[in-house]
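Here's a quick walk through the model, with the domains, the salt bridges and a few individual residues in turn. Have a look at it first.

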Amino acid sequence: MMRLKSKNLLSIEELTPEEILLILDTAKSIKEGSFFIEKKEPYPLKGKIIINLFYEPSTRTRTSFEIAGKRLGGEIINFDFSTSSISKGETLKDTMLNLQAMNPDIMVIRHPVSGVVNFIAEKVSASVINAGDGAHEHPTQALLDLFTIREIFGNIKGIKIAIIGDISHSRVARSNIWGLKKMGASVKIAGPPTLIPPQIEKLGVEVFYNVDAAIEDVDVIMCLRLQRERQSQNLIPSLREFSRFFGINQERLKKTKDKVVIMHPGPINRGVEINSEVAEGKNSIILKQVSNGVVVRMAIFYLLALRRQNVTY
Ligand code: CP
């Protein structure tokens, strides 16, 4: 019988393939509809307190966690850092210790600094879920992406994927590379040399600087948002040039497999890394990813709640 090893979900790097499968299988059963009825516990988070702490903007992740928690009967508190005592100079550590003193069960945290969620997880007894830390990891995004790929292709092993664009600043890319490689997919990355981190091939990916060569035989193209807010230097000559050489548009798609699937974690920069016709076209599964995010996050909440009660799945 399986359960998650850690009280927290901080990265895909630390999960085993078996733990990833446990999350994906649980999410699949939830999506099929009978999971909680069969378990005779339709509201397994009843009485549990979840705090959503987002130190960066979010539409999808924050709302998805909120809906997932509510569907399971949990109480969700959205912590607004702009009206909190952080604006009076309170340190992150003090904020966390004070929130912990109120005894929440789960904290969902997004923060602009890589590694901060690990620091917090060591300080609090609540389960901590990383909702994106700097350019490090965004594990729940990768899990919903893996879930969606498996739903479409029936498996992940052997699937060929190209991840395109701003790899350097992308926590989504890093989490997906860990997850896809652990589950047996073949991963290419492509982007301008200035947006590809050194030694990334050590993670088992093939590196391309020509996007057409990277995407010609793949099953999935995963576009990444060009993170303009994280570009401290001039890493690309212009948005127009980035779009011309690395943007996914219909002309480029004509040179790929007919049934290639287009993914994007959102928010999209229309006309930069992807154009509107592709984002809304027949190959796009971008909104399916968003829908699947809710069941995947329900599965994570459920499995962490079991882990806290020392119950095995
Ligand atoms: N994919 C993603 O993390 O989107 P948000 O920034 O809207 O949460």
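## Salt bridges and domains

At 8% relative accessibility, Lys-188 counts as buried, where buried means under 20% relative accessible area, exposed means over 50%, and partly exposed is in between (1.4 Å probe, protein chains only). Before going on, some ground rules: this is a predicted model, so local features need pLDDT of at least 70 and side-chain atom pairs count only at pLDDT 80 or more, while totals for chains, interfaces and linings use all residues. Residues are numbered from 1 along each chain as its sequence is written, and side-chain values use heavy atoms, with hydrogens and water left out.

Back to Lys-188: its side chain meets that of Asp-217 in a salt bridge at 2.7 Å, N to O. The term stands for a side-chain nitrogen of Lys or Arg within 4 Å of a carboxyl oxygen of Asp or Glu. This pair links distant parts of the chain, with Lys-188 in strand 6 (residues 186-190) and Asp-217 in the loop between helix 8 (211-215) and strand 8 (220-223), 29 residues apart. Helices (H or I, at least four residues) and strands (E, at least two) are DSSP runs, numbered from the N terminus. Asp-217 is partly exposed, with a relative accessible area of 27%.

How many salt bridges does a search of the whole structure find? The number is 13. Here are some of them:

| Salt bridge | Distance, N to O |
|---|---|
| Asp-25 and Arg-150 | 2.6 Å |
| Glu-66 and Lys-70 | 3.1 Å |
| Lys-188 and Asp-217 | 2.7 Å |
| Glu-280 and Arg-270 | 2.6 Å |

Glu-66 and Lys-70 are 4 residues apart in helix 3, so about one helical turn separates them. Glu-66 is buried, at a relative accessible area of 18%.

Next comes the pair of Glu-280 and Arg-270, whose side chains meet at 2.6 Å. With 58% relative accessibility, Glu-280 counts as exposed, whereas Arg-270, at 46%, counts as partly exposed. There's also a network: salt bridges that share partners join Lys-31, Glu-151 and Lys-288.

### Where the domains meet

The protein chain splits into domain 1 (17-138 + 292-308) and domain 2 (139-290), with bounds that come from an automatic or database domain assignment. Their centres, taken over C-alpha atoms, are 26 Å apart. The contact (heavy atoms within 4.5 Å) takes 32 residues from domain 1 and 30 residues from domain 2.

What area do the two domains bury between them? It's about 2,400 Å², 60% of it on carbon and sulfur atoms. Buried area here is the accessible area (1.4 Å probe) that two parts lose on being put together, summed over both. In domain 1, Arg-60, His-138 and Asn-292 lose the most area to domain 2, together 29% of what that side buries.

Between the domains, the count is 3 salt bridges. Across the interface there are also 18 residue pairs in polar contact, both at pLDDT 80 or more. A polar contact is a pair of N or O atoms within 3.5 Å; within protein, one must be able to donate a hydrogen and the other to accept it, and residues adjacent in sequence count only if both atoms are side-chain atoms.

On the side of domain 1 that touches domain 2, helix 1 (17-32), helix 3 (60-71), strand 3 (106-111), strand 4 (127-133) and helix 12 (286-308) each supply at least two residues. Helix 1 gives the most, with 9 residues.

### A few individual residues

Thr-148 sits in helix 6 (residues 139-153) and is buried, with a relative accessible area of 0%. Leaving out residues up to four places away in sequence, Thr-148 touches Met-263, Ile-285, Lys-288, Gln-289 and Asn-292.

Gln-100, in helix 4 (residues 92-101), is buried too, at 13%. Its side chain makes a polar contact with the side chain of Ser-125 (2.7 Å) and reaches the backbone nitrogen of Ala-126 at 3.1 Å.

Glu-38, found in helix 2 (residues 35-38), counts as exposed at 61% relative accessibility. Glu-38 and Pro-237 are 56 Å apart in space, C-alpha to C-alpha, and 199 residues apart in sequence.
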